[in-house]
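Q: Hi, I'd like to go through this structure with you. Could you help me read it bit by bit?

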Amino acid sequence: MAEPGGGGAGAAGGGGPQQGSPAAAGVAAGGPVRGAAENPGGAGSARTAGKKAQLRAAPRAKKLEKLGVYSACKAEESCKCNGWKNPNPPPTPPRAELQQAAVSLAEPCRSCSHALAAHVSHLENVSEEEMNRLLGIVLDVEYLFTCVHKEEDADTKQVYFYLFKLLRKCILQMGKPVVEGSSESPPFEKPSIEQGVNNFVQYKFSHLPSKERQTIVELAKMFLNRINYWHLETPSQRRLRSPNDDIAGYKVNYTRWLCYCNVPQFCDSLPRYETTQVFGRTLLRSVFTVMRRQLLEQARQEKDKLPQEKRTLILTHFPKFLSMLEEEVYSQNSPIWDQDFMVSSSRTGQLGIQTVISPPPVARSVAYSASPSSLEQANSGNMSPACKVSSALDPNLGEKRKNNEPYSLEDSKRPRVVGDIPIELINEVMSTITDPAAMLGPETNFLSAHSARDEAARLEERRGVIEFHVVGNSLNQKPNKKIMMWLVGLQNVFSHQLPRMPKEYITRLVFDPKHKTLALIKDGRVIGGICFRMFPSQGFTEIVFCAVTSNEQVKGYGTHLMNHLKEYHIKHNILNFLTYADEYAIGYFKKQGFSKDIKVPKAKYVGYIKDYEGATLMGCELNPRIPYTEFSVIIKKQKEIIKKLIERKQAQIRKVYPGLSCFKDGVRQIPIESIPGIRETGWKPSGKERGKESKDPDQLYSTLKTILQQVKSHQSAWPFMEPVKRTEAPGYYEVIRFPMVSQRCC
């Protein structure tokens with residue numbers, strides 16, 4: 001075998017980028033996040049390109065010598081020599097001061113003794129262009145030789161060796177490399193990642209103004225660029241990280257990626273394809289979570305190197321863009337992956353705004369698989385209830401009426417409130433706010449920072465990033481290894497986050513069979529939980545410990561954790577929580593609906609719950625009609641409906657009336673309905689107001705005067721007793737044009 005040429009291995013384990021990571025270390029200061037030098041193969045690729053240029057400029061005799069190393073001997077049919085070997089090899093490593101002259105075609109081979117001319121006789125009439133192509137393959141072969149010997153991962157090494165043999169065969173047969181076998185030929189899945197992201201931009205942001213829409217397009221291009229230069233983790237690394245994943249399917253895609261996307265970056269004799277153009281949703285799903293985490297972490301670490309205009313784009317808008325895209329990547333019903341998503345008169349492959357013709361995805365809701373009729377299941381130590389994500393067509397979602405159900409006869413019999421909005425109008429508004437092309441107003445802006453606390457956690461649960469399990473110890477059944485590991489993890493989280501609690505006390509309660517814990521699991525490990533004890537006969541549950549590990553806080557996990565606990569207890573018909581909160585936890589519990597106003601009679605809980613010195617007893621009453629894990633989504637939808645109704649009403653009322661001038665003429669009061677335009681707004685006097693007689697003006701004056709006297713006698717009223725003097729505060733009346741002074745009210 002010829003001595004391998006070239007330097008480090010750009011994609012090999014010894015000298016290339018780390019697997020499962022960005023292709024280069026830097027976030028570009030002046031543009032989208034991309035490789036540091038925009039050269040995918042790194043330093044090794046640059047050296048190889050330089051060697052190719054140098055060799056192509058060499059004399060023809062030198063080129064024949066180089067190709068002879070990889071050409072079979074043709075002197076005799078019986079000769080099995082597959083490459084000419086120099087009888088006087090150059091020193092290793094080569095010395096710069098020694099200039100190696102081209103050898104003679106008569107120089108014998110060290111292996112078979114036949115002349116160099118016998119090895120390169122088939123190249124006599126070959127054009128210079130073809131010879132340069134073959135020389136490029138030669139240097140790629142030598143580079144792959146280095147990669148094979150430096151790579152430690154068995155799967156990657158196998159692919160390198162296959163490509164090495166493929167290119168070696170191309171030199172011998174003077175052919176072009178064609179990857180064969182089970183890897184098929186690109187594209188491997190339709191629609192591609194690029195098309196899916198393009199569809200996502202149209203589906204979610206086509207309603208935005210052009211400037212903001214262009215921001216989204218830049219974010220999409222940035223994301224696609226990073227995928228094209230992303231280095232996938234090896235199948236063995238993925239097996240260690242996610243043992244339950246489809247490793248066989250991932251290995252097929254990993255092999256395809258190496259052959260068609262990664263290796264051709266530094267071996268340009270192989271045809272190269274962009275990852276985003278030949279792979280689809282399957283590969284994107286397998287890398288998105290890890291990629292998103294590492295990209296955002298890298299951006300945070302290098303934020304000081306970014307110019308100010310790019311810092312906001314990458315640190316603020318890019319995370320929101322990735323969160324929204326993540327939901328569509330992992331959703332089973334997202335329309336962006338339909339091949340007939342949109343019709344376009346121009347297929348330029350560029351990100352642009354086109355007409356969306358597919359319907360929006362079907363909403364999904366969360367349900368528990370545990371039966372509410374049995375509390376024994378919760379005490380068995382099994383993972384019950386296990387959270388599951390079901391489609392809206394699932395018949396086991398419960399008794400709530402869905403938005404798409406027809407208006408039933410029972411609904412029509414319900415007493416209607418005065419001023420109620422017709423159901424037909426509600427349905428019309430609902431169809432508007434669920435259509436992304438029709439969404440208007442600042443709150444539908446992608447760049448808006450307003451979102452529910454638990455929104456990010458809810459999206460992660462839908463994608464399977466986090467899970468919720470009610471676990472507990474059992475003295476009656478054989479312990480489950482996974483549950484015991486989770487209980488140990490919960491004990492560690494509680495001990496670390498609640499340092500004032502004795503560790504032995506925490507351990508005793510977490511492993512007590514009477515106590516259960518709602519565990520928050522992320523990547524197979526415990527990151528938080530709520531330990532509780534249920535008292536069904538007393539109608540309440542005591543929350544003992546509640547904590548999320550410090551590096552996972554401020555992500556909405558605490559709120560989503562409590563919402564799951566509420567739904568779990570509604571299933572078990574326990575509608576009251578009690579807890580003793582220390583001074584640091586009171587704020588959290590207030591946000592979750594707890595207060596110091598305890599609804600449970602004292603006789604129900606005294607003697608049952610543990611009393612903590614220096615803590616505050618707080619309670620929370622649950623409403624069984626509220627789906628707590630989706631509550632913020634419902635509120636947001638209601639807010640959008642009200643906003644749309646207001647916009648519709650405002651559009652109907654265009655006329656502007658002049659102000660009231662009757663009071664200048666001495667009129668002291670007028671009926672509300674006489675105000676011009678008031679009835680056009682939809683205002684109607686209530687039944688009580690119609691039956692009331694107008695009050696005596698003198699009586700009203702007496703009442704208001706009494707109130708004024710009480711205000712003036714208040715201890716905090718002194719600043720308003722006398723007007724501010726101009727000498728004391730020059731310029732005051734230029735700022736405060738209408739000061740409030742009690743003297744003017746007399």
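Q: Let's start with Asp523: buried or exposed?

A: Asp523 counts as exposed, because its relative accessibility is 52%. The cut-offs are under 20% relative accessible area for buried, over 50% for exposed and partly exposed in between, using a 1.4 Å probe and protein chains only. Keep in mind that this is a predicted model, where local features need pLDDT of at least 70, side-chain atom pairs count only at pLDDT 80 or more, and totals for chains, interfaces and linings use all residues. Residues are numbered from 1 along each chain as its sequence is written, and side-chain values use heavy atoms, with hydrogens and water left out.

Q: Thanks! Where is Asp523, and what is its phi?

A: Asp523 is in the loop between β6 (516–522) and β7 (525–535). Its phi is positive, about 55°, although Asp523 is not a glycine. Most residues other than glycine have a negative phi. Helices (H or I, at least four residues) and strands (E, at least two) are DSSP runs here, numbered from the N terminus.

Q: Which other non-glycine residue has a positive phi, of about 60°?

A: That would be Val554, in the loop between β8 (540–548) and α18 (557–571). Val554 counts as exposed because its relative accessibility is 87%.

Q: What about peptide bonds, which ones are cis?

A: Two to look at: Pro186 to Pro187, with omega near 0°, and Lys190 to Pro191, with omega near -5°. Pro187 is in the loop between α5 (154–173) and α6 (193–205), and Pro191 lies in the loop between α5 and α6 as well. Most peptide bonds are trans.

Q: Can we zoom out? How many helices and strands does the chain have?

A: There are 24 helices and 10 strands. The chain has 746 residues, and 42% of them count as buried. Taking contacts (heavy atoms within 4.5 Å) with a separation of 6 or more, 71% are between residues 24 or more positions apart.

Q: Cys109 and Cys267, buried or exposed?

A: Cys109 counts as buried at 3% relative accessibility, and Cys267 counts as buried at 0%.

Q: Switching to aromatics: how many pairs are there?

A: The count is 21 aromatic pairs. Rings of Phe, Tyr and Trp (its six-membered ring) pair if their centres lie within 6.5 Å; planes under 30 degrees apart count as stacked, over 60 as edge-to-face and the rest as tilted.

Q: Why is the pair of Tyr143 and Phe266 called edge-to-face?

A: The ring planes of Tyr143 and Phe266 are at 65°, so the pair is edge-to-face, with centres 5.1 Å apart. This pair links distant parts of the chain, 123 residues apart: Tyr143 is in helix α4 (residues 128–150), and Phe266 is in the loop between α9 (247–262) and α10 (275–278). Tyr143 counts as buried at 1% relative accessibility, and Phe266 counts as buried at 4%.

Q: Which rings form a cluster?

A: Phe188, Tyr260, Tyr273 and Phe279 are linked into a cluster by ring pairs.

Q: And what sits over the ring of Tyr250?

A: The charged end of Arg238, 4.7 Å from the ring centre. The rule asks for NZ of Lys or CZ of Arg within 6 Å of the ring centre and within 35 degrees of the ring normal.
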